[in-house]
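User: I'd like a hand reading this one. Could you take me through a few features, each with the general idea and then the case here?

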Amino acid sequence: MLVTDAIAKTLTGLGADTVFGVVGSGNFHVTNALIAHGARFVAARHECGAASMADAWARLTGRPGLVSLHQGPGITNALTGITEAAKSRTPMLVLAADVSAKAVTSNFRIDVAAITAATGATPARLMSPVFAIDDAVRAYRLARDDRRTVVLALPLDVQAGECTWPGAPVLDGVAARPPSDRQAAELASALAAAARPMFIAGRGARSGSARAALEQLADACGALLATSAAAKGLFRGSPWDLDVSGGFASPLAAELIGGADLIVAWGCSLNMWTTRHGSLIGPQARVIQVDCDDKAIGRHRRVQLGVVGDVALTADAVAALLEPEPPETGYRSAAVRDRLAAGVRWRDVPFDDTSDGDRIDPRSLTIALDDMLPAERIVAVDSGNFMGYPSMFLSVPDQDGFCFTQAYQSIGLGLASAIGSAIASPDRLTVAALGDGGALMGISELETAVRLSLPMVIVVYDDEAYGAEVHHFGPDGYPLDTVRFPPTDIAAIARGYGCTAVTVRAPADLAPVREWLASEPTQPIVIDAKVTADRGAWWLEEAFRGH
Ligand SMILES: Cc1ncc(C[n+]2csc(CCOP(=O)(O)OP(=O)(O)O)c2C)c(N)n1
Ligand SMILES: [Mg+2]
């Protein structure tokens with residue numbers, strides 16, 4: 001059997017059914033072999049887009065994303081998306097064509113392993129036709145079970161070799177790790193002793209089973225519930241949900257987190273974003289971290305207790321040790337409940353609307369969209385000054401309703417990650433929230449969204465600038481010509497790609513969005529929102545301290 005065919009048969013046999021990529025001569029055969037073995041191939045227009053699509057797809061399906069790349073420039077083009085995935089511990093397998101060992105003068109030659117390792121992704125390689133299937137299985141297992149972004153180099157000469165099919169591969173899952181009895185008991189006694197316990201759940205808790213276990217434990221000890229941005233939506237619907245902890249926290253959420261006497265981080269690193277550089281955690285608070293990866297404990301912040309274990313298993317083990325408390329204990333008073341109901345959402349916090357008829361306040365825009373768009377949605381956010389508005393003013397139905405590719409803080413990934421989200425969850429409306437800078441950087445994938453007939457909403461917060469830089473450096477009087485741009489008619493560009501498009505300067509301009517929603521659309525709508533930008537978003541003032 002040809003190695004390309006064997007690799008494709010192996011990976012599809014392990015469950016890979018969707019592959020994103022850009023095809024060149026080096027990955028032509030392996031991509032076609034994947035299709036022949038039943039995989040769906042999604043052609044992106046830029047390799048970075050392919051990597052971001054696969055990253056988002058993997059986050060929402062919980063399965064390894066697959067990427068297929070041409071050798072050399074195909075790989076280097078994908079690097080930013082690969083780096084984001086690697087930093088997010090997204091399970092992803094990148095099939096990266098490579099030159100043959102003997103092709104020492106090939107234009108396409110780069111050191112794939114070195115460039116992969118430099119991004120934080122994990123290098124792997126097909127060494128010979130004889131072991132190609134084993135190499136591929138190992139790479140897939142590393143991606144899936146260790147949540148690694150693996151770049152598997154496929155040298156052309158190995159691809160063209162022959163191997164023997166050993167039979168369908170079997171790859172059992174790895175059992176989740178329970179906590180030790182001692183650590184579970186220590187956590188239980190800390191919770192029993194706490195007057196105002198607070199749970200902050202992160203990426204490692206993004207599952208329905210983790211939510212159920214955490215809610216049950218929180219009920220038993222009277223804890224309030226918050227998440228990192230990466231896990232936004234996890235506790236949606238709970239009366240004790242504070243939404244996101246960190247720069248995006250509403251004033252009430254920040255007050256309650258600051259008042260906690262015990263903070264338990266569940267699959268959450270407590271990095272500077274989640275804790276506002278530590279300032280959200282009161283001096284009186286004990287901090288406990290639960291993580292299945294022992295190396296994650298205390299990495300961003302010193303903790304009083306580290307519990308190594310799976311989130312759901314640990315929550316269950318601790319709940320079994322706790323006497324359930326009567327209602328209205330812990331942090332769960334009737335007064336707190338009423339305050340949360342009345343004002344924990346950002347959209348319930350009063351603000352002065354800066355809309356002036358020519359430009360719309362991004363908060364008013366986002367609240368109007370929140371009212372208009374169906375609740376069953378996925379919000380995918382690019383990076384920039386604007387990013388707080390969709391993250392804070394658009395509600396999401398659960399942890400799979402938010403795709404936040406910010407581990408590398410790159411602009412330009414938002415549109416592609418929204419496309420990957422839409423492919424992963426076709427039953428939900430995908431909303432891509434972009435700045436004008438990120439939108440124009442990643443715009444080649446608009447053709448992909450149109451070609452795939454994806455009925456997505458793409459909203460561009462258009463301040464005709466790299467607003468983050470304007471607000472970062474403007475107050476100190478620096479010249480800003482390098483980060484300001486002339487007006488761009490993004491709606492016209494979008495129409496050129498085949499999208500429906502609307503320019504929005506006032507709430508009334510959103511009427512076509514309503515019509516589009518009612519029309520059972522089969523194409524994206526792009527909203528070029530000309531937004532006011534008199535001052536930087538408040539959350540950015542915190543963020544700049546991290547630069
Ligand atoms: C790939 C990349 N290049 C540059 C930057 C630096 N940067 C951070 S935010 C930003 C501005 C983004 O502009 P836009 O998308 O319009 O969003 P805005 O800040 O205006 O809301 C830039 C250039 C980055 N984060 N990533
Ligand atoms: Mg901008």
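Analyst: Let's start with the ligand. A backbone N or O atom of I411 lies 3.1 Å from a nitrogen atom of ligand 1. A polar contact here is a pair of N or O atoms within 3.5 Å; within protein, one must be able to donate a hydrogen and the other to accept it, and residues adjacent in sequence count only if both atoms are side-chain atoms.

User: Before we go on, what kind of model is this, and how are residues and ligands numbered?

Analyst: This is a predicted model, where local features need pLDDT of at least 70 and side-chain atom pairs count only at pLDDT 80 or more, while totals for chains, interfaces and linings use all residues. Residues are numbered from 1 along each chain as its sequence is written, chains are lettered from A and ligands numbered from 1 in the order in which they are written, and side-chain values use heavy atoms, with hydrogens and water left out.

User: Back to ligand 1: which atom of D436 does an oxygen atom of the ligand approach?

Analyst: An N or O atom in the side chain of D436, which is 2.7 Å from an oxygen atom of ligand 1. On area, ligand 1 taken alone exposes 580 Å², and the protein buries 77% of that. Those areas come from the Shrake-Rupley method with a 1.4 Å probe; for residues, only the protein chains shown count as cover.

User: How many residues surround ligand 1?

Analyst: A residue counts as near a molecule or strand if one of its heavy atoms lies within 4 Å of it. Ligand 1 is surrounded by 17 residues, and the closest are N385, Q409, D436, G437 and G467. The shell divides into 5 nonpolar, 9 polar and 3 charged residues.

User: Where does E520 sit, and is E520 buried or exposed?

Analyst: E520 is in the loop between α21 (511–518) and β18 (525–530). At 71% relative accessibility, E520 counts as exposed. Phi of E520 is also positive, near 50°.

User: Now the rings. How do I read an aromatic pair?

Analyst: A pair of aromatic rings is described by the distance of the centres and the angle of the planes. Rings of Phe, Tyr and Trp (its six-membered ring) pair if their centres lie within 6.5 Å; planes under 30 degrees apart count as stacked, over 60 as edge-to-face and the rest as tilted. The structure holds 9 such pairs. One of them, W346 with F393, is tilted, at 6.2 Å centre to centre and 45° between the planes. This pair links distant parts of the chain: W346 lies in the loop between α13 (334–343) and α14 (362–372), F393 in helix α15 (residues 388–393), 47 residues apart. Both W346 and F393 are buried.

User: Why is the pair of Y466 and F485 edge-to-face?

Analyst: The ring centres of Y466 and F485 are 4.9 Å apart and the planes stand at 65°, so the pair is edge-to-face. Y466 is in the loop between β16 (457–462) and α19 (467–473) and F485 in the loop between α19 and α20 (490–497), so the pair ties together parts that are 19 residues apart in sequence. Y466 is partly exposed at 31% relative accessibility, and F485 is partly exposed at 40%.

User: Which residue lies over the face of F402?

Analyst: K232, at 5.9 Å from the ring centre. The rule is that NZ of Lys or CZ of Arg is within 6 Å of the ring centre and within 35 degrees of the ring normal. F402 also belongs to an aromatic cluster with F248 and F404.

Notes
Helices (H or I, at least four residues) and strands (E, at least two) are DSSP runs, numbered from the N terminus. Buried means under 20% relative accessible area, exposed over 50%, partly exposed in between (1.4 Å probe, protein chains only). Ala, Val, Leu, Ile, Met, Phe, Trp, Tyr, Cys and Pro count as nonpolar, Asp, Glu, Lys and Arg as charged, and the others, Gly among them, as polar.
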